[in-house]
Amino acid sequence: MKLNVTQKLIKDHLVSGEMTPGEEIGLKIDQTLTQDATGTMVMLELEAMGLDYAKTEASAQYVDHNLIQVDNKNPDDHLFLQSAARRFGLYYSRPGNGVSHPVHMQRLAKPGKTLLGSDSHTCANGSMGMLAMGAGGIDVAMAIAGEPFYVKMPEVWGIKLTGDLPDWVGAKDVILELLRRHDVKGGVGRVIEYYGPGLRNLDAMDRHVIANMGAELGATGTVFPSDEEVKRFLKEQEREDEWMELKADKGASYDIEEEINLSELEPLIAKPSSPGNVVPVKDIAGESIYQSYIGSSAQPGFRDFAMAAEIVKDKKIAEGVSLDVNPTSRQMLTELVQEGHIASFLQSGGRLHQAGCNGCIGMGQAPATGRNSLRTTPRNFPGRSGTKEDSVFLCGPETAAASALKGEITDPRTLEMNYPKIKGPKKPNVDDQLLDKPIPEEEAKKTELYKGPNIASIPEMDRLPDELEVPILLKMNDNISTDEILAGGARVLPYRSNLPEISKFTFEIIDEIYYNRAMDIRDQGGHAIVGGYNYGQGSSREHAALAPRYLGLRVAVVKDFARIHWQNLVNFGVLPLTFKHDEDFEKLEQGDVLQFNHLREKVKKGHNIKATVKDKDIEIELTHALSSRQVDMMLKGGLINWVKDRQNTKT
């Protein structure tokens, strides 16, 4: 059988299930990635599991999100993460070392391996010929402990790239074109695999840009082949011995096939407030801007920064515009300094920030209310920037830099200058000074965890009740993101290790008094929510499932779920149900009370469940997509209880 790259990676790591799209499979995980916004909970979960030492080939804990130290909370948690990395045998990337995804690509990513990360943009490392996937933190904790990762076998969406990118068009425009065609649900249940002659002029970091934003299509992952370009990149990183070739067999096929002719692309931009709201830059040129932001895991390469620096070199940015430069790694920053590009940014009036996620996750650089912000980041969901009434556009560095000069959205092709021809750094800088390696297991076992006053243990979760009567506390429409369920940003993320405190921000973007209303009835059986299509899109943060569960959420009824959030709900014992008939969505109103009878037995026996609306002559047909393993988890109240039960059975 002729296999594509995705099928080869899955076949080599398959431990259970059949490679039939839609069927649950179990995969051996070689590497894991956690970052500080999600990793604190992962480390607490590892402690609760009693793990001695990581069972993976390489696991890394990055500090890249919560870098602002306005009080003790973030630095205390950094010390906790450092002690946990030592205790459990993980790499530890210190504050200032950079964003997890490009740093992992530079220092640890290996072709042919699987990578699971508690960050939805972990898929970026698919640029290296890996099967890299985002997941909830507890799934990553299980992988660190040596357990398989369970996921539904995806379809493989083969995208043939032909032609060459024109001047002023970059890798960001490739993924924006795919979002323009298919919107934010286009990749659900799929791995996107790129192949074809168009790859020849896309370097490894260009591929990273494209793979990173596969998450915005809802894809399980994105895969590129491991070819001579990946070999060149690893040689540059002094890791050439870790390269292996991995390409699709000649004659391999794909479940879905599509082609993008790179030569036909033009500068694109996603308008507020969805990555799928894509139009040509020329169509909205002239709109004034307040901010132009260069950086993030969606634009982490040397070329991305160097291109913008060359555009603004020896010029001044427009009056009233903030040009924010966010280097993605310490290594990248020193290379940009050596080549003079940082000086070009600064002399133009730009502002240099530390290497990290920063404004991408709402940690600083928030735009002014009612003003337009152009960003090379992957997402522009409402409020994600840190400003509640934000207006964020997503674009490539060419458009961001050109617009900073003009003070308005500008098609870079209209600039009165020659297209900059970017060369890589004369001498690439390999820098792992801030990446601490795992210590030996015997030494690790002697390490004590440091816990600051902001860390709170995860409370116990009760089992799924047999009789359930819950009011619908919120009814929402399509494409509700995890940023809207539980925001990131400087106000919220410092509480990521304190569930009772972070829960106070739940759904605040949608309903400012949700927390109070939920707490009023939490001990009376809890509540339900109702949503539309693609519920829970975006970040993998498990807090978006865990916080509502803490507040009493028992059932989520929607038209369909985003993959990672659905899995997180299951992991924490929230029953995820979908409408059998989408038109039934209109029959339910906020405040209605849903009644479920003999629920445990119905969940066990099949996939169909009926709910009645109290005091109304309405019956709603619902379905669940739980595997038999997940049914057992749900009945026990979630994955933590399921693990504890297994451990008790063994003893």
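Tutor: In this predicted model, strand S5, residues 91–93, pairs with S20 in the antiparallel sense, and two bridges join them. Within this pairing, Ser93 has Leu435 of S20 as its bridge partner. The pair belongs to an open sheet of six strands, whose order is S7-S6-S3-S4-S5-S20 and whose pairing is mixed. Strand S7 (131–134) and strand S20 (435–436) are the edges of that sheet; each has a single partner strand, so one side of each is left without a neighbour in the sheet.

Helix H4, residues 100–107, lies across S5 and S20, and also across strand S3 (31–35), strand S4 (58–62) and strand S6 (114–117). The helix runs at about 145 degrees to S3.

Two other helices may be considered next. For helix H2 (residues 36–49) and helix H3 (residues 73–88), the axes come within 10 Å and cross at roughly 50 degrees. H2 and H3 are therefore oblique to each other, and their crossing is left-handed. On the H2 side, the contact is made by Asp36, Gly39, Thr40, Met43, Leu44, Leu46 and Glu47, which meet Asp77, His78, Phe80, Leu81, Ala84 and Phe88 of H3. By class, the residues of this contact comprise seven nonpolar, three polar and three charged.

Ala355 is found in the loop between strand S17 (351–352) and strand S18 (372–375). The residue has a relative accessible area of 4%, which means that Ala355 is buried, the limit being under 20%. Leaving aside residues up to four places away in sequence, Ala355 touches Leu67, Gly96, Gly98, Pro327, Thr328, Ser329 and Arg330. Between Ala355 and Tyr514 there are 35 Å in space, C-alpha to C-alpha, and the two are 159 residues apart in sequence.

Finally, there is a pairing of parallel strands to describe. Strand S9 (residues 155–162) and S12 run parallel and are joined by six bridges; Gly158 has Glu257 in S12 as its bridge partner. In a regular strand the side chains alternate between the two faces of the sheet. Strand S12, residues 256–261, has Ile256, Glu258 and Ile260 on its covered face, while Glu257, Glu259 and Asn261 are on the uncovered one.

Note on methods. Residues numbered from 1 in each chain as written. Predicted model: local features only at pLDDT ≥ 70, side-chain atom pairs only at ≥ 80, totals over all residues. Heavy atoms only, no water. Buried < 20%, exposed > 50% of the residue type's maximum accessible area, 1.4 Å probe, protein only. Helix = DSSP H or I, 4+ residues; strand = E, 2+ residues; numbered from the N terminus. Pairing = 2+ DSSP bridges. Axes fitted to C-alpha atoms, helices over the stretch in contact; angles between N-to-C directions. Parallel < 35°, antiparallel > 145°, perpendicular 65-115°, else oblique. Left-handed = near helix turned anticlockwise from the far one by under 90°. Contact = heavy atoms within 4.5 Å. Nonpolar A, V, L, I, M, F, W, Y, C, P; charged D, E, K, R; others polar.
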